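This report goes through selected features of the structure shown below. Please keep the sequence and the model in view while reading.

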Amino acid sequence: MTMKKTDFSGIMQSKVTWAVIAEALILLVCFLIRPDFFSISYQPSTGMLYGSLIDIVNRSAEITIISMGMTLVIALGGTDLSVGALVAVAGAIALKFLRWDVLTYTTPGDYTVYPYILVLGVPLIVCALMGLFNGFLVAKGGIQPIIATLILMVCGRGIAQILTDGKQFTTGYSPFRIIGQGSFLCLPMPIIITVIVVIAVALFTRKTAFGAFVESVGVNPSASRLSGIKAGSVILIVFMITGLLSGIAGLIYSSRIMSNDSNNAGLNFEMDAILAVVIGGTNMAGGRFSLAGTVIGSLIIRTIVTFVYYFGIVAEATMAFKALIIAVVIVLQSEPVRRYFAKRSALRQARSGGAK
Amino acid sequence: MPGKNILEMKGITIQFPGVKALDGVDFSLCEGEIHSLLGENGAGKSTLIKCLTGVNRMDEGKIILDGREIHPTGPGNAIELGISAVFQEINLCPNLSVAENIFVGRQPMKHGQIDWNEINRRAEELMSRFHLDIDVTRPLSYYSTAIQQMTSIARAVDIQAKILILDEPTSSLDENEVQLLFTVMRQLKESGMGIIFITHFLDQIYAVSDRMTILRNGHLVGTYNINELGKVELVTKMVGKDMDVIFSLKRAEVKDGAEIVLKAEHIGDASKINDISLDLRKGELMGFAGLLGSGRTETAEMLFGATKTVRGDIFIDGEKIEIKQPFDAIKARLAFCPEDRKRDGIIGDLSIRENIMLAVQSRKGFMHPMTRQEQEELADKYISILGIVTPDCEKKAGELSGGNQQKVILARWMAANPKVLILDEPTRGIDIGAKAEIQRLMLEMCKDGVSVIFISSELDEIIRCSTRIIIMRDREKVAEVDGSTCTQQDILRIIAEGAA
Amino acid sequence: MAEKNELRPSKISEFFGSDTFKGLLPFIGLVVILGIMYWLTEGRIMQPKRLRLLLSQVYYPMIVATGVFFVMTLGSIDFTEGSTLGVASIVVSVLSFYSIPLAVLGGILTGAAIGAVNGFFHVRFRLQSFIVTICTMYLFRGVCAYLTTETAIPASAEIKALDSDNLKIAITLGVLIIAFFLFKFTRIGNDVKAVGSGETAARFSGVRTDRVKFLAFVAAGALTGLAAFVNVIKVGSITSTAGNQLETQILISLVLGGLPITGGAKVRFSNIVVGTLMYTVLNNGLVMLGFESATQQLIKGIVFLIFVALTIDRKALKVIK
């Protein structure tokens with residue numbers, strides 16, 4: 001009996017638990033407002049499942065994917081502010097390669113001048129290289145991550161605009177549409193991609209020793225180096241992964257709108273991704289990270305947005321409400337609050353022990 | 001002669017979750033007295049001090065200062081009450097100047113402004129009382145640990161505290177600096193200040209204190225006058241059992257014709273070291289003696305690739321190898337326990353298991369991970385071999401005591417199965433039981449054919465264990481002596497005079 | 001005694017590696033950028049009319065930067081300046097119909113209140129300032145967007161009539177002088193620097209770290225509120241984009257000015273002035289040279305990169321509180 005209680009207080013002190021509770025609560029409120037919230041229906045015409053839950057997961061795809069990389073960056077004790085700009089860059093490059101000969105066809109349709117492999121490959125490679133550039137500034141230049149990535153945050157969108165001559169292209173190329181709007185196994189494609197990315201990152205970090213190296217460098221870079229870890233390479237790889245994942249998110253984003261938008265694509269994604277990671281229980285100071293927690297964090301952020309829509313709050317105030325709820329979650333997870341709960345449960349335990 | 005009691009602590013009890021850190025401890029301090037507080041790590045010395053400075057709240061007990069009961073609420077409040085502490089591991093602000101550090105939080109004002117001239121003048125005056133003629137406007141980080149230590153003492157002195165607490169002030173000082181500190185302590189004592197002195201160095205206790213109080217596992221063992229208790233009795237009282245392990249240690253012996261494992265020829269780094277040569281035989285324990293800053297650590301760091309070697313060659317088993325980074329050294333089966341355990345050794349937020357497997361894993365590269373089970377086996381093996389006190393291998397390494405942390409780092413390297421193990425001050429700041437333990441382990445490894453380089457500021461340790469001793473001075477190797485025939489005086493003379 | 005034995009590099013290279021030189025770099029940078037812009041625009045940038053325009057863009061960022069300077073000296077970061085400016089500008093505009101002094105006070109109090117929220121959560125719940133201020137940034141951006149949904153919020157004619165360079169210069173100089181005095185000659189500056197250099201050490205030296213941190217955030221908010229007043233005078237009506245990206249601009253300005261992101265003792269008060277001026281000169285010059293906004297961003301990024309590479313204090317992966 002007592003054993004169980006100690007276990008319980010341990011769980012209550014974990015940040016991930018709070019994140020799960022928060023998500024459950026928000027979903028519960030959604031359910032109370034709209035009893036059909038959890039219903040999922042099958043639409044034979046598109047062969048897809050529909051429902052609010054599916055929609056939440058689908059819409060959270062970009063942030064979830066980016067925040068997989070962000071989790072690693074934060075575990076290293078850094079931050080990557082450039083991810084939002086990289087989303088715009090990926091979209092710009094993809095749409096540039098999806099141009100067609102306007103003399104032959106006058107409306108957007110199923111045609112492209114460059115092979116599809118370039119449409120997908122080049123944005124990803126460029127984003128990975130940009131991530132590598134960030135990593136290089138941090139690892140070899142000794143520049144703090146927040147400043148190093150600020151550089152691409154500032155000029156990334158400029159690069160995207162220069163690449164597309166400041167124009168907004170559209171496309172109707174159907175293989176490209178599949179990425180953001182298609183489906184597989186009755187599920188929207190972004191969900192499938194997200195699942196693949198999450199599993200890939202999880203395998204890469206937890207089935208190899210890479211995750212342990214990241215945590216070790218995040219806690220104590222100097223001691224890690226002296227234990228033989230090549231901290232520089234770890235940093236390079238982590239930033240490159242984050243760049244690559246931002247590229248994937250950028251492709252999904254631009255496939256959803258079948259267009260590029262250098263000004264608004266990925267706007268504030270860096271902030272959302274950082275919040276997702278922190279809500280998920282990874283400390284900004286570096287060290288232990290939890291990919292599962294991050295996924296939940298990202299879902300929380302998206303659920304809140306859905307929730308706010310359901311509440312019928314004007315669109316302009318969405319942001320404020322989102323911030324408010326996130327703030328509550330983060331405060332509940334903060335060390336003083338958790339310590340307070342731990343103390344209370346310990347007290348209760350002591351009291352019941354004394355009564356016996 | 002000590003005067004009246006200025007401080008009385010009665011029946012202090014502090015409860016931490018799960019343990020009683022202090023259980024009804026009494027302590028008193030007289031005016032003009034140096035009172036040593038002794039005990040192994042975890043005995044409750046720091047907790048008692050933290051209670052006095054208001055960092056920890058006590059659950060029971062009374063603190064009476066000058067006949068009045070006080071309830072310190074925090075370090076700031078304690079300072080106002082006249083209790084000033086120089087802590088072991090809490091540094092000053094390294095980027096501020098020496099003078100700023102002395103006066104931070106209570107700058108003298110003139111016409112509503114900070115009076116910089118006054119600050120610098122008074123800081124200079126204070127430092128010169130300690131016979132330190134330094135530029136007080138330079139940032140603190142510019143100076144050695146010793147001077148940094150003096151700065152925090154100067155701070156306490158200037159506050160005109162009634163009680164000065166020195167928590168392990170000497171652990172990073174060399175012999176001369178320790179003497180300097182003692183002079184200052186005696187001066188302060190003459191002026192009527194009561195000093196609480198915590199140290200692991202037994203000689204220092206006898207050199208400077210009037211009384212001593214011994215704690216063990218949160219309980220008071222007793223308070224004694226300095227001439228009441230001999231060293232052996234003291235240690236026995238501290239540890240709670242007879243301590244003859246340390247006196248039964250056998251020096252590492254090298255067989256004739258043992259091959260040379262590590263050889264360095266005329267190595268030098270970019271700034272400090274010019275030209276060092278040495279050779280290390282299989283199973284040999286080589287001591288590095290010398291003052292702080294004599295180049296002992298720098299040489300070790302070069303051998304391990306922690307700093308770049310720009311001149312000279314390093315050979316392992318007769319083969320020339322290039323060591324550009326620690327990873328290369330680990331590949332060549334070198335191992336290095338650094339001096340600053342907290343900064344360079346332990347990875348506090350990770351578990352003991354992860355800390356131990358780190359070096360093995362990094363040699364393998366991250367693409368060849370060890371399974372969880374392998375890691376656990378490895379960790380459990382070394383936890384039991386080294387006697388690391390922990391419930392299981394998942395405990396955070398940062399939560400262990402200093403001695404146990406040191407053992408975890410040692411385990412990390414033993415697990416990597418090294419040919420050459422370099423230990424930089426492995427026994428600093430850990431209690432006497434753990435010290436003996438680590439020396440014993442070192443010597444056992446030598447017996448198993450590992451070659452050890454042992455750096456220490458404590459000459460008796462070096463002389464007790466080393467086969468050969470290299471003496472360094474002003475970043476040069478000045479002598480190489482045989483461990484079995486030399487004495488402390490010999491070494492001290494060489495260090496002082498610079499020649500064999 | 002110790003340093004005599006060190007193998008010292010030559011005097012010249014020593015100078016270039018020294019803190020003195022690093023402290024001078026931002027000034028050199030400002031002169032170089034000014035020089036390049038002067039040359040490229042064939043002197044037009046120095047025409048009185050242009051110079052006035054340039055200065056008119058300096059005032060409110062400089063006031064805001066002064067507040068943020070204290071926060072960043074702590075080693076913390078503040079992302080709320082833009083949204084604070086937006087909300088405070090709305091308050092100033094609305095109140096300006098009643099009384100001008102009330103409007104000024106309202107702006108400052110609004111800013112201070114937002115700063116107090118930041119400081120409270122940062123200190124009381126031990127949350128990193130980074131996270132707290134991202135949340136409050138979203139929150140007050142949302143508030144700002146909500147209030148300006150229908151139309152832009154106009155300010156009274158009286159407050160617009162105040163638009164004169166003299167007033168703005170007076171306010172900016174006043175803020176700088178007071179802040180300089182506080183930073184240099186009172187405990188406040190030292191306490192802030194001490195917390196930035198080592199929080200634990202500062203606390204153990206008797207600095208009330210929590211109070212210092214809280215007050216720094218309040219000060220940053222209050223000054224942003226004051227800047228909102230200057231902003232309203234200039235623009236006359238508030239739209240939802242008021243203060244957009246201001247936080248990034250301030251961060252870049254201060255880093256360009258040589259402020260180490262880790263805070264601590266190496267901060268210099270001149271960072272504020274030099275950094276803000278450098279940013280504005282660069283911005284204006286690029287506009288005058290007729291670059292498109294995308295190219296401007298790219299060039300700004302490159303200039304920033306060069307400066308950071310030259311001036312940054314290398315402490316790899318140090319965490320922001």
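## A salt bridge in chain A

With which residue does A:Glu215 form a salt bridge? The partner is A:Arg206, and the closest N and O atoms are 3.3 Å apart. This distance, like every value here, comes from a predicted model.

A:Glu215 has a relative accessibility of 1%, so A:Glu215 counts as buried. A:Arg206 has a relative accessible area of 42% and is partly exposed.

## Salt bridges in chain B

Over all chains, a search of the whole structure finds 31 salt bridges. One in chain B joins the side chains of B:Glu118 and B:Arg122, at 3.6 Å from N to O. These two residues lie four residues apart in helix 4 (residues 116-129) of chain B, so about one helical turn separates them. B:Glu118 is partly exposed at 23% relative accessibility, and B:Arg122 is partly exposed at 23%.

Another salt bridge is formed by the side chains of B:Arg372 and B:Glu394, at 3.5 Å from N to O. This pair links distant parts of the chain, 22 residues apart: B:Arg372 is in helix 13 (residues 372-386) of chain B, while B:Glu394 is in the loop between helix 13 and helix 14 (402-415) of chain B. Salt bridges with shared partners also connect B:Asp279, B:Arg281, B:Glu284, B:Arg468, B:Lys477 and B:Glu480 in one network.

## Strands of chain B

Four strands of chain B make an open sheet in the order 14-13-16-17, with antiparallel pairing. Strand 14 (276-281) and strand 17 (319-321) of chain B are at the edges with a single partner strand each, so one side of each has no neighbour in the sheet. From one strand to the next, the twist averages 20 degrees. Helix 9 (residues 296-304) of chain B packs on the sheet and touches strand 13 (260-269), strand 14 and strand 16 of chain B.

Elsewhere, strand 18 (residues 334-337) and strand 19 (residues 420-424) of chain B pair in the parallel sense over four bridges. Strand 18 of chain B is covered on both faces, with B:Leu334 and B:Phe336 buried on one side and B:Ala335 and B:Cys337 buried on the other.

## The interface of chains C and A

About 4000 Å² is buried between chain C and chain A, and carbon and sulfur atoms give 80% of this area. Across this interface the rule finds zero salt bridges and four residue pairs in polar contact. Helix 7 (129-147) of chain C is among the helices that supply at least two residues to the side touching chain A; helix 7 of chain C gives the most, with twelve residues.

Key: Residues numbered from 1 in each chain as written. Chains lettered and ligands numbered in written order. Predicted model: local features only at pLDDT ≥ 70, side-chain atom pairs only at ≥ 80, totals over all residues. Heavy atoms only, no water. Pairing = 2+ DSSP bridges. Axes fitted to C-alpha atoms, helices over the stretch in contact; angles between N-to-C directions. Contact = heavy atoms within 4.5 Å. Buried < 20%, exposed > 50% of the residue type's maximum accessible area, 1.4 Å probe, protein only. Buried area = accessible area lost by both parts, 1.4 Å probe. Salt bridge = Lys/Arg side-chain N within 4 Å of Asp/Glu carboxyl O. Polar contact = N/O pair within 3.5 Å; in protein donor to acceptor, adjacent residues only side chain to side chain.
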